[in-house]
Amino acid sequence: MEDVLAGRDCAWLFGAESLTIAPERGKAPKLVSELGERVIPYAAIAEVTLARGRRGTVVLRVLPRRGADPVMTVAAGQLRETDDPYRLVLPAGKETLADYYADELRAAVTEHGPASRFLVAAPPVPRAFKGWDGAATFDGEAITFTWFWSGASSAKYAAGDQRYSVADLEGVEWHRPEGASGSLRLKVRGRRMPSDANKDPASVIFGLGWGATHKSLPFAAAVLAAVRTGAAAGPAGEVALAPRTPIPAGRGAEVADLIAKLGELRDAGLLTEEEFQAKKAELLSRM
């Protein structure tokens, strides 16, 4: 196959051995745009489906083999349909053409079972995103969490900023941001993961627009790929703790805004009154 099928927000380029997914700038979903152009070897594809979509569209979809793509592996079935990077939405008038390409893709599929290694390239590094309680960066060798004095729990703030070498990790968990919940959690080798991510210095919490899927999921996928392939170098077992960051002056307005947002979560039923008061007292104590 050597052809191009243009959809509503992406174009699929069919090569001899792989499918290239190219998002259209300004139209593709945020996650698809963030991932950028991706090459999907036919060996990474398990199934191909074609179904009627909404409002006079058809949807051509590729299902990657389990374990073939680090993004889908770390997403673990949590993505919304509209965030799926393996969907091509086409006008209903192109259904016959889409059906042709679906058959061509099915003919190119050679395996259906789980993949023993990642076959799709991980999102490139360096990567970074901001969560509710801290900022996360990954340079390909180590992950650094820098806590926000306005959002981090007392346990995290007391522990100080964290740096974890990839060699120290067994994996990573990503929990989709929804409302005031969600997190990215590192699995540190030889260490039991605390039940509460809010108190775990190897975790970053999402919420209130922080830790958005299109930023935090590619980050988690890049970390997972590095852990699986052993791409990072550096001494194992080394976790550096940075000193507590002093609270900047003149941040009263920011604290007031954060308290107001917490109040909105409480009013929406996402926080109890006790949780609201505890977080409010914590924010005020740091001024």
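In which strand is F129 found? F129 lies in strand β8, which covers residues 127-130, where strands (E, at least two residues) and helices (H or I, at least four residues) are DSSP runs numbered from the N terminus. The model is a predicted one, in which local features need pLDDT of at least 70 and side-chain atom pairs count only at pLDDT 80 or more, while totals for chains, interfaces and linings use all residues. Residues are numbered from 1 along each chain as its sequence is written, and side-chain values use heavy atoms, with hydrogens and water left out.

**Overall make-up**

The chain contains 7 helices and 15 strands. Of its 287 residues, 47% count as buried, where buried means under 20% relative accessible area, exposed over 50%, and partly exposed in between, with a 1.4 Å probe and protein chains only. Among contacts between residues at least 6 apart in sequence, 61% join residues at least 24 apart, a contact being heavy atoms within 4.5 Å.

**The surroundings of F129**

F129 counts as buried because its relative accessibility is 4%. Not counting residues up to four places away in sequence, F129 touches A135, A136, L184, V204, F206, G211, K215, S216 and F219. The C-alpha atoms of F129 and A212 are separated by 8.3 Å, although the two residues are 83 apart along the chain.

An open sheet of 4 strands, with antiparallel pairing, has the order β1-β2-β3-β4; two strands pair if DSSP finds at least two bridges between them. Since β1 (3-6) and β4 (38-41) stand at the edges with a single partner strand each, one side of each is left without a neighbour in the sheet. Neighbouring strands here are turned by 20° against each other on average, direction ignored, with axes fitted to C-alpha atoms (for helices over the stretch in contact) and angles running from 0 to 180 degrees between N-to-C directions. Strand β3 (residues 18-23) pairs with β4 over 4 bridges in the antiparallel sense, and T20 stands opposite V39 in β4.

Helix α3 (residues 95-108) lies across β1 and β2 (10-14), and runs at about 130° to β1. Its buried residues are A98, Y101, A102, L105 and A108. Seen down the axis of α3, these fall within an arc of 120°, so they line one face of the helix; the arc is that of the directions from the helix axis to the C-beta atoms. The buried residues of α3 pack against β1, β2, β5 (45-52), β6 (57-64) and β7 (87-91), whereas T96 and A107, on the other side of α3, are exposed.

Of these strands, β5 and β6 pair in the antiparallel sense over 7 bridges, with L50 opposite L60 in β6. Their hairpin has 4 residues between the strands, and R55 takes a positive phi near 50° there.

A nonpolar core is a set of buried Ala, Val, Leu, Ile, Met, Phe, Trp, Tyr and Cys residues joined through side-chain atoms within 4.5 Å. The largest such core has 35 residues, and those with the most contacts inside it are I143, F145, L184, L186 and V223. The largest share of this core, 10 residues, comes from α5. V223 touches F138, I143, L169, V172 and L186, not counting residues up to four places away in sequence. A second, separate core of 28 residues includes Y42, I45, A102 and V120.

| Helix | Length | First to last C-alpha | Expected span |
|---|---|---|---|
| α3 | 14 residues | 20 Å | 20 Å |
| α5 | 17 residues | 24 Å | 24 Å |

**The sheet β12 to β14**

Another open sheet, of 3 strands in the order β12-β13-β14, has antiparallel pairing. Its edge strands, β12 and β14 (203-205), each pair on one side only, and neighbouring strands are turned by 5° against each other on average, direction ignored. Strands β13 and β14 pair over 3 bridges, and R185 stands opposite S203 in β14. Helix α5 packs on this sheet, touching β12 and β13, and its direction makes about 165° with that of β12.

Key. The expected span of a helix is 1.5 Å times one less than its number of residues.
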